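Here's a quick walk through one protein model. Have the structure open while you read.

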Amino acid sequence: DMLFGIAPVHMALLHGHREFRRLLLNRKRNPERPEVAMVCPELLRLAAERGIETELVNRRQLDELSEGRPNQGVCLEASRRDFMDAVATDDPAAGSPASETVADGGKRRLWVVINEVNDPMNLGAVLRSTYFMGVETVLITKQNSSCSLTPTVSKASAGTVEVMDIYTTGRLPQVLQEKAKQGWQIVGTVGYAKSTGSAVPVVPCDQYQLKAPTILLIG
């Protein structure tokens with residue numbers, strides 16, 4: 001993969017979930033972009049610590065490497081970042097008793113399940129929000145989801161793809177059933193309450209209270 005943009009490159013180098021090949025920087029620093037000048041020494045330091053080759057190139061080369069997407073004068077060639085299989089790894093579906101809370105501060109547990117995601121910009125935006133909100137686990141369905149953890153997703157996520165472990169599952173109904181039996185609350189999202197035509201109670205987002213371990217299903 002060719003990561004591009006300050007946040008994805010910085011987070012990738014900082015957390016080290018990939019294998020790195022080379023760091024590429026614009027040889028002409030733009031004085032009107034002070035954020036680039038500020039972060040470049042940090043990128044160079046991290047690259048040196050990890051033994052990564054650094055190249056100074058021109059803007060045209062960077063634009064070609066990022067396929068014309070905004071790169072802020074920074075690209076990083078690295079291995080791919082893939083979803084973690086919820087069964088092959090420490091299965092999030094197995095979970096813990098519903099009474100268990102997150103260790104830091106005793107906050108209630110919150111997972112987000114993204115169902116049928118096909119737009120990399122949307123996926124990146126959701127991942128960025130889940131990280132900001134302190135979501136414990138993100139689970140993406142395999143069926144009818146075409147997005148992978150591409151550099152575009154990493155850029156749209158402001159680099160949170162480089163920080164979080166993101167799981168995938170092919171057995172969403174079973175996961176939800178298992179967690180419901182453990183006492184987890186399963187919450188879906190709708191556009192307008194009056195359009196649902198369902199007996200299931202609908203609560204505005206600003207009135208919903210997280211009182212139990214919860215799975216938020218979107219998509």
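What follows covers the sheet, the helices on it, some salt bridges and a surface patch.

Keep in mind that this is a predicted model. Let's begin with the open sheet: six strands in the order 5-8-7-6-10-9, with parallel pairing. Strand 5 (84-85) and strand 9 sit at the edges with a single partner strand each, so one side of each has no neighbour in the sheet. Further in, strand 7 (residues 137-141) and strand 8 (residues 166-169) run parallel and are joined by four bridges; Thr141 has Thr169 as its bridge partner in strand 8.

Now for the helices. Helix 6 (residues 172-181) packs on the sheet, touching strands 6, 7, 8, 9 and 10, and its direction makes about 155 degrees with that of strand 10. Helix 4 (residues 120-132) lies across strands 6, 7, 8 and 10, running at about 175 degrees to strand 6.

On to the charges: the count comes to 13 salt bridges, including these:

| Pair | N to O distance |
|---|---|
| Arg22 and Glu77 | 2.6 Å |
| Asp85 and Lys142 | 3.2 Å |
| Arg59 and Asp63 | 3.8 Å |

Arg22 is in strand 2 (residues 20-26) and Glu77 in strand 4 (residues 74-78), so this pair ties together parts 55 residues apart in sequence. Arg59 and Asp63 are four residues apart in helix 3 (residues 59-65), about one helical turn. Arg59 is exposed at 61% relative accessible area, while Asp63 is partly exposed at 29%. Asp1, Arg18 and Glu162 are linked in a salt-bridge network.

Lastly, Val203, Tyr208 and Leu210 form a nonpolar surface patch with about 230 Å² of accessible area together. Val203 lies in the loop between strand 9 (185-188) and strand 10 (214-218).

Conventions. Residues are numbered from 1 along each chain as its sequence is written. This is a predicted model: local features need pLDDT of at least 70, side-chain atom pairs count only at pLDDT 80 or more; totals for chains, interfaces and linings use all residues. Side-chain values use heavy atoms; hydrogens and water are left out. Patches are made of residues with over 30% relative accessible area and no salt bridge: like charges are joined within 9 Å, nonpolar side chains (Val, Leu, Ile, Met, Phe, Trp, Tyr) within 5 Å. Accessible areas come from the Shrake-Rupley method with a 1.4 Å probe; for residues, only the protein chains shown count as cover. A salt bridge is a side-chain nitrogen of Lys or Arg within 4 Å of a carboxyl oxygen of Asp or Glu. Helices (H or I, at least four residues) and strands (E, at least two) are DSSP runs, numbered from the N terminus. Two strands pair if DSSP finds at least two bridges between them. Contact means heavy atoms within 4.5 Å. Axes are lines fitted to C-alpha atoms, for helices over the stretch in contact, and angles run from 0 to 180 degrees between N-to-C directions. Buried means under 20% relative accessible area, exposed over 50%, partly exposed in between (1.4 Å probe, protein chains only).
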